[in-house]
Amino acid sequence: MDQSRDTRKLAAIMVADVVGYSRMVAADESRTLAQLKAHLLGLVHPAIDRLRGRIFKTTGDGFLACFDSAIDAVECALHIQREMAHRTASDAPDQKIVFRIGINVGDVLVDGDDLQGGGVNVAARMEAQALPGGITISNTVFDHIRNRSGYAVQDMGEISVKNIPYPIRAYRVLTGHELVSSKESATQ
């Protein structure tokens, strides 16, 4: 058997991105990079580890993580968003690190230390639909969390997203910390 063969699996994929990151880096690169690193090391990485997830990629302003459980992925996202709101409460609005998070359950290709495939693409599109400080999930995630109490969820209906040839039913998992002012919505 070929041990170098890529592995496919069903996974809960979380994609996160910092809202307005380029603007913040342009204004004060050193401060922004230091703040993001502190949040990643002090909150994000431990939260993902605690809920049995694995970070596959980090980008300049975000990350891609994988979980064996949709519930663990949503719990992790909620923890991150709630804690980020507390950690940044006293930061100036133009200096505040705010994540958007998207989650999908789908088939992925594990290629060494990389995660690829349609499941990842849909998670990235869910992230793009999230409000600043918010979480957007696909219907496949909703199917796993719908019978659990304690989640406030808003149905977004079927949405069309970039480079996905079919509509996806999406939901917002309400954190209570979404930023919806006109200024912050414009920076999405």
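1. Let's start with how H2 and H3 run relative to each other. In this predicted model, the axes of H2 (residues 29–50) and H3 cross at roughly 155°. Angles over 145 degrees count as roughly antiparallel, and the two helices are therefore roughly antiparallel to each other. Their axes come within 10 Å, and the crossing is right-handed.

2. Which residues bring the two helices together? From H2, the contacts come from Ala38, His39, Gly42, Leu43, Val44, Ala47, Ile48 and Arg50. On the H3 side they are met by Cys76, His79, Ile80, Glu83, Met84 and Arg87. Among these, Cys76, Ile80 and Met84 are buried.

3. The start of H3 is worth a look on screen. There, a side-chain oxygen of Ser69 reaches to within 3.2 Å of the backbone nitrogen of Ile71.

4. The buried residues of H3 also include Ala70, Ala73, Val74, Ala77, Leu78 and Gln81. As a reminder when you trace them, an α-helix has 3.6 residues a turn, so residues three or four places apart point the same way.

5. Finally, a word on Asp72, which lies in H3. Is this residue buried or exposed? Its relative accessible area is 13%; the cut-off for buried is under 20%, so Asp72 counts as buried. Leaving aside neighbours within four places in sequence, Asp72 is in contact with Leu51, Arg52 and Phe67.

Definitions and conventions
Residues are numbered from 1 along each chain as its sequence is written. This is a predicted model: local features need pLDDT of at least 70, side-chain atom pairs count only at pLDDT 80 or more; totals for chains, interfaces and linings use all residues. Side-chain values use heavy atoms; hydrogens and water are left out. Buried means under 20% relative accessible area, exposed over 50%, partly exposed in between (1.4 Å probe, protein chains only). Helices (H or I, at least four residues) and strands (E, at least two) are DSSP runs, numbered from the N terminus. A polar contact is a pair of N or O atoms within 3.5 Å; within protein, one must be able to donate a hydrogen and the other to accept it, and residues adjacent in sequence count only if both atoms are side-chain atoms. Axes are lines fitted to C-alpha atoms, for helices over the stretch in contact, and angles run from 0 to 180 degrees between N-to-C directions. Angles under 35 degrees count as roughly parallel, over 145 as roughly antiparallel, 65 to 115 as roughly perpendicular and the rest as oblique. A crossing is left-handed if the near helix is turned anticlockwise from the far one by less than a right angle, and right-handed if clockwise. Contact means heavy atoms within 4.5 Å.
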